[in-house]
Amino acid sequence: MNKESIPALKERIKAARGEIPADLVLKGGRVVNVFSGALQEADVAVHGSFIVGVGRGYKGREEVDLAGGFISPGLIDGHIHIESSMLLPSRLAASLLLCGTTAIVSDPHEIANVLGMEGIHMMLEDSRGIPLDVFFMAPSCVPATSLETSGATLNAQDLAELSLEPRILGLAEMMNFPGVLSGDDEILKKLALFGGRPLDGHAPGLCGKDLQAYVCAGIRSDHETIDPTEALEKVQSGMMIMIREGSTAKNLEALLPVVNPVNSRRFCLVTDDLHPEDLRRQGHLDHVLRKAVSRGLDPVTAVQMVSLNPTEYFGLRDRGAVAAGYRADLTVFKDLEEFKVDRVYKSGRLVAEGGRLAEAWSQGQTLGACRPLSIPSLHPGLFRIKREGEEARVIEVIPGQIVTGVCREKVSSHGIWVISDPGKDILKLTVVERHQGSGRIGLGLVRGFGLQKGALASSVAHDSHNVIAVGVSDDDLCRAVEEVRDMGGGMVVVEKGKALARLPLEVGGLMSAEPLGALSPRIADLSKASASLGCAIEEPFMVLSFLALPVIPELKLTDMGLVEVNKFEIVPLFY
């Protein structure tokens, strides 16, 4: 403890004993006690940035009557990719605070796959000094696989630099579980580098001895679990299960029955990937709490899963509870059913009240993160698929999941060239490499979008974020990719060679420097334009973005071709 902190600590002790007035006292509220699991009628005294007392009889320089409101720890999302919100951290903070969130733990591997260390430093800088604590995990898999072209490579030596940054808590989701199981030297170096710190997992379907080996390496969490039996085995193996309820992957209803009073401390509620329109319409963790409680979860247990549980897992010992000595990150709810946010305090300072922010803050510098997309000249002929058999592998979209199926289908053709078949909902899918200017194009087929005409394209395509497009005609596929390239990254809907709606994402092709309010009308235009083409998916660009993710089963497409994820190899389109 440094000398400057001793006078402050002495003053906090005096305020805790009631010898001097606290800076702030929240009166007439009910504390959500995440230690006892009970609701406690008590006042909360705050001095400086910390809670100094929970009880009765405290006096404050400022006193606020909460009229029976519920005082909760500020909400904490233990696993979120900021890039999926399309907002910079400083912009995202404004929306999250209004939802009662005061801290997040983010894996910046999306921007890292595009811009490498430059992208991570940009995220750190943009999130500095804002009234939301933004912690990061060091990306473990950049690139995620050798089956796609990424914009950067981060090795153990690069991560050693990141390990010195105070806001980087540990190693982010280890997607390369085959590398862990085979004892890959570079993977093990990364795990050893962050030994003794949180090591996040990413192991869909892993079980038995392979799971034991994965956990043996020190990995202690998983957010890819979708099956109750799998969740129970992982909890029994000592893992923290991060129950994901995001925009695309929704696992809450399937996994909630596994949670009971004995094991509830082994679960967190997280969002992982959150679309900006879902954030605007539904909220953040407040929405997840509403849904969890409506499905029968005890409200205090639910709050534990977005406060105390993640802080203990990540070693954030000064927050996550409403108790003396803890940081005064507090969310006041009007009820514990709808979780309507009344007030939010960050380090004892009011930052949101009644759905409005109490203060403004500046945005960090991001100009260095704007780069052109390296895609050479295109023409429709590049998107032709030669028929090489009667039946082809078709990616099957599974609603509400990022996993995909695979179906064996007879394809339609014109002469020797495969064509989309809107009647059977089989459309062309393409991934165009955009980092190295190689001109490499992956081609495949997908079912589930329902397009009758036109095309959609986006530079958001996990994890390497090449340009992905789905469409009916080669002409529109080509034009859609060109539109994304020409605006330096973003999303577009095209019909008959014309852009019906566009959303520029100038920061790495993933995020905009604009606030949510400015993005919303453009996102609404994209949705409306997609629906006009017959699209059957509510959030088509979110679904599209995961079709290039070759670490999630079963069949995906990258710029190198079709990937059969369970075999971890490129496979031909035709059987």
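**Around Asp 272**

Modeller: Happy to! Leaving aside residues up to four places away in sequence, Asp 272 touches His 79, Ile 80, His 81, His 223, Glu 224 and Arg 244, a contact being heavy atoms within 4.5 Å. The model is predicted, so local features need pLDDT of at least 70 and side-chain atom pairs pLDDT 80 or more, while totals for chains, interfaces and linings use all residues. Numbering starts from 1 along each chain as its sequence is written, and side-chain values use heavy atoms, without hydrogens or water.

Asp 272 sits in the loop between β15 (267-270) and α11 (276-282); helices (H or I, at least four residues) and strands (E, at least two) are DSSP runs numbered from the N terminus. With a relative accessible area of 2%, Asp 272 is buried (under 20%, 1.4 Å probe, protein chains only).

Now for the strand. Five of the five residues of β4 (residues 43-47) are buried, so the rest of the structure largely encloses this strand. Asp 43, Ala 45 and His 47 lie on one side, with Val 44 and Val 46 on the other. β4 runs antiparallel to β1 (residues 22-27), joined by three bridges, with Leu 26 partnering Val 44. Five bridges link β4 to antiparallel β5 (residues 50-55), where Gly 53 partners Ala 45.

Conventions: Buried < 20%, exposed > 50% of the residue type's maximum accessible area, 1.4 Å probe, protein only. Pairing = 2+ DSSP bridges.
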